[in-house]
Amino acid sequence: MKRLILLLVLVVLAVNLPLSASPKAVAQTPTLTIWTDDQRLPVITELSKQFTEEYGVEVVVEPQGTENTMNTMTQGAATGEGPDIFIIPHDNIGQLVETGVVAPIDLGDKADSFLPNSIQAFSYNGELYGVPFAVENDALFRNVDLVPEAPKTWAEVAEIGRQLVDEGKVEYAFAFPDLGYNYYPVYTAFGGYIFGRDDAGSYTADDLGMDSEGMIAGADWANTLIRDGYASENLDWEAAHVLFESGQAPFIITGPWAVDRFKTNEVPYAISAFPAATEDGDPGAPFIGVQGFMVNAGSENLLLAQTYLTEFIATDESMQYIFDNDPRPSAWLSIAEATEDPDMRGFSEAGATGQAMPAIPAMGFVWDAWGSAGLLITQGELAPDEALKQAAEQIRTQIEEAK
Amino acid sequence: MNKQSSVVPAFLTPSTMLRLAIVGVFDAALMWLILQLLGDGNYPLAGILAVVILIISFCFSLDQFKPYRWLGLSLAFTTLFVLYPILYTFYLSTTNAGYGHILTKQEAVDFLERQQYVPESGQQYKWTAYRSLEAQDDYVLWLQAEDGTTYLTGLNTATKPAGLDQEGVGPADDKGIPTTIQGYQRLEKRDTVAMIDQLGELAFGVSPDVIRITSLSVAATTQQRYTYDDKNDTLTDHETGLVYHPKEGVFVTEAGQELPPGFRVGVGTDNFNRFFSSAALRGPLFRIISWNFAYAILSVMCSFALGLFIAVLFDSLPGKEIIRALLIIPYPIPALVSILIWRNLLNPDFGALVKLQESLFGTAPHWLTDPTWTRIAIIIINMWLSYPYFYIVSSGALQAIPTDMLDAASVDGANAWQRFSHIILPLLLKIVSPLLVASFAFNFNNFNLIYIFNQGNPPIAGSPIPAGHTDILISFVYRLAFNSAQSDYGLGASISIVLFLFVAAITWGQFRYTRVLEDQTA
């Protein structure tokens, strides 16, 4: 028994010593913690050194993936975990706001210096919750050796593709990574949509457009090419990119992430805005993903974090620095308008009409059903209208059950 | 303690001291963790850790518990890593935890009570802070209203109109802000930014017209927006006058208007009811369960048959060491890599196997899009992944079969097949049947293969909920509960429990069956 007592006494001492020895130090200058992904880590770290120099506030930038950040924020932020500021794609905003872990940000007049749809993407229930800095969206890629001029309508695209196949220059007229996210610009060109907007301009789950006429007309466009043997019956993201970069398909719809691999494979590509359904129609609109900074509502440095964003990040110099060192289309209006890079111009033009990806909870039910519908169409199991009606029913059922 | 002739007490020998030191460090680390958990309000986990500390301290410091040392250690870790997660899953399944319902009610109330608002009679100002020359934590603010009038306010001091000509107010800078105020020093922007959260905690002026700093540019007369009434369990919004009641984990008004954030509440068996009444069960579940069984049984049988066949074939061949080494190659390659390679080999556009089949037969099966062929492909891949395991096991087991029995059978005139089916196979099954059961249980929930190969696709046409022809229960549950942004932990936990009971029942039945088998052969 002596042993046990000795042990417990020692342990209690050991645990209590460090606590009693260090009286709570009074933090004179606070430290800001920022979480970002690996890719932007060096950019934000270097940039923040200027903030430290200017205001004497130390900034610690830590690498954290989106998933990890979301887990910490939604589950731990209420108990004081998590960073003061984090970088996150906008479509997580719904979950963050409804969990009550992010603080609104007042940009004042500076909001006009951003692309309007990037500000809209970071707004929820009429309040702004983030400072956007980069915009990502799909664009139409074409092989310029085969197609020198950007086509104006989808009918034209199909015609050019069919002709190239008939001449034996390519295997397929078009490479489809999927009939969902990367095909959205075709759906929208024909008038399709996923969720309608309510009076306040927010997406609403009450208006699901999955089986609208525009969506069906959009799916018909791909279905006709596939049924006639001008596009693959196999719907595969990787396979579609291989088809394009090996010159076996003249067109593909994809995003900035594919640029590197196309350059590596030396395929002569050009990026352009999306064609329209008819000569005088509106061009197809891609989904827009916006990257931005958000502030942890439970942060001890709440005002400082907001000040960092409104006074330091939302400036010409900082936005230019981020753009120069992490080249993707900027959300800062003056940079977006001034860019000379043809790839970036292409993405910007394609994204000019873009729609922020819905951040409402019901969007979670869309992806799986939509993906299945795409597969059923390409495999010839169901006609476009049947497949999309089925997907719409599946989504409505799940929205209803989640209520 | 038994007395020994040694002068050193038994608990001070070096080995005892070392043991106590190690246990001490371990206990100290756990206690530190417990203190952290108590601080976070996570009492269940803190309690479990306290149990772990007690078990380990008792077993490793008292001689009379010496025989239970290693048992105690495993018991402690079983409690921590098996029992606790299971209990926690049960707990989660009775709550609405998930999207928008993460906080506890107290945390949600705290969050809401921190919100401030500017009442209609309130004013917004631009502000400049001045720090007292004597007291470090005394400040005054110079305020500029939108109409240009200026004020001076301090801690517990009423806000008064003030002009630049006033006594004690120093000369103005180019923006019309005084550079000095008697007894106070103006904070430069650099210091203001660094101290802004300290300033933000201060209440300037006197109640009810309290002025707070709300951002670097704005100070305003603010009031607490929400107050929670403990007795009536209501939350009042002072800005709009709305009264909220908690309902199903969120505050709502009479008219049904919700106020985020929601919080976590117990919902009894709602999650189970939801699962059992969901479209998922009306739809493809029967089809998925039958394929799940077929998939697990065929995977085990085919892999075992192939492994055994190769083991028998190469049992007595020259150079079998080299052949063995080659045959085991699929084993150390990560399954993820193998599955992805197979997927590419079977790709209809550029897959090597598909091209080969096309050149040989003029046509190739639709390995990724035809339901039957996709299932066959999955069984073949699973054979490729797991035959080396059964090959190794069977090779070892074959060595254990006494050769005199086989010799005796030969003398009695049994041919090779009779020797195999009447002697080798029954003896082998006795050894490997527990492994077959374990392999079945593993394959029953083998999510990786199904998901990586084809995400459960091709999809089933006409299903009321998205599902695929090769979906097994676990990949279907993943679609149902986790593949959406809903993060419905409560529903996910309840489905896991149903699945857990299901697999546990099957495995229990199988072990009973194999015991019967063993009794017969023994």
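What percentage of the 403 residues of chain A count as buried? In this predicted model, the proportion is 54%. Chain A contains 16 helices and 14 strands, and its C-alpha atoms fill a box of roughly 90 × 50 × 45 Å along the principal axes. When contacts between residues at least 6 apart in the sequence of chain A are considered, 74% join residues at least 24 apart.

Chain A is divided into two parts, each made of two sequence segments: domain 1 covers 31-135 + 288-356, and domain 2 covers 139-285 + 361-402. The C-alpha centres of these two domains of chain A are 30 Å apart. Their contact involves 11 residues from domain 1 of chain A and 13 residues from domain 2 of chain A. On the domain 1 side, helix α14 of chain A (residues 342-351) gives the most, with 5 residues. The composition of that side is 2 nonpolar, 6 polar and 3 charged residues.

For chain B, the domain assignment gives domain 1 (11-93), domain 2 (117-224), domain 3 (226-267) and domain 4 (279-315 + 391-521). A distance of 51 Å separates the C-alpha centres of domain 3 of chain B and domain 4 of chain B.

In soluble globular proteins, nonpolar side chains tend to be buried together. The largest nonpolar core in the model comprises 155 residues, of which Tyr172(A) and Ala175(A) touch the most other members. Helix α15 of chain A (residues 363-378) supplies the largest share of this core, 9 residues. Leaving aside residues up to four places away in sequence, Tyr172(A) touches Val165(A), Tyr230(A), Ala231(A), Ser232(A), Leu243(A), Gln248(A) and Ala249(A). Another core, of 43 residues, lies apart from the largest one; among its members are Phe390(B), Tyr391(B), Leu449(B) and Phe476(B).

The two chains also meet at an interface, where 58 residues of chain A are in contact with 53 residues of chain B. On the side of chain A, the elements giving two or more residues are α1 (2-21), α2 (41-55), α3 (66-76), α4 (93-99), α9 (237-245), α11 (302-313), α15 and α16 (384-402). The largest share of this side, 9 residues, comes from α1(A). By residue class, the side of chain A that touches chain B divides into 26 nonpolar, 20 polar and 12 charged residues.

Definitions and conventions:
Residues are numbered from 1 along each chain as its sequence is written. Chains are lettered from A and ligands numbered from 1 in the order in which they are written. This is a predicted model: local features need pLDDT of at least 70, side-chain atom pairs count only at pLDDT 80 or more; totals for chains, interfaces and linings use all residues. Domain bounds come from an automatic or database domain assignment. Two residues are in contact if their C-beta atoms, placed from the backbone, lie within 7 Å. Helices (H or I, at least four residues) and strands (E, at least two) are DSSP runs, numbered from the N terminus. Ala, Val, Leu, Ile, Met, Phe, Trp, Tyr, Cys and Pro count as nonpolar, Asp, Glu, Lys and Arg as charged, and the others, Gly among them, as polar. A nonpolar core is a set of buried Ala, Val, Leu, Ile, Met, Phe, Trp, Tyr and Cys residues joined through C-beta atoms within 7 Å. A residue is buried if 20 or more other C-beta atoms lie within 10 Å of its own, exposed if 12 or fewer, and partly exposed in between; C-beta atoms are placed from the backbone.
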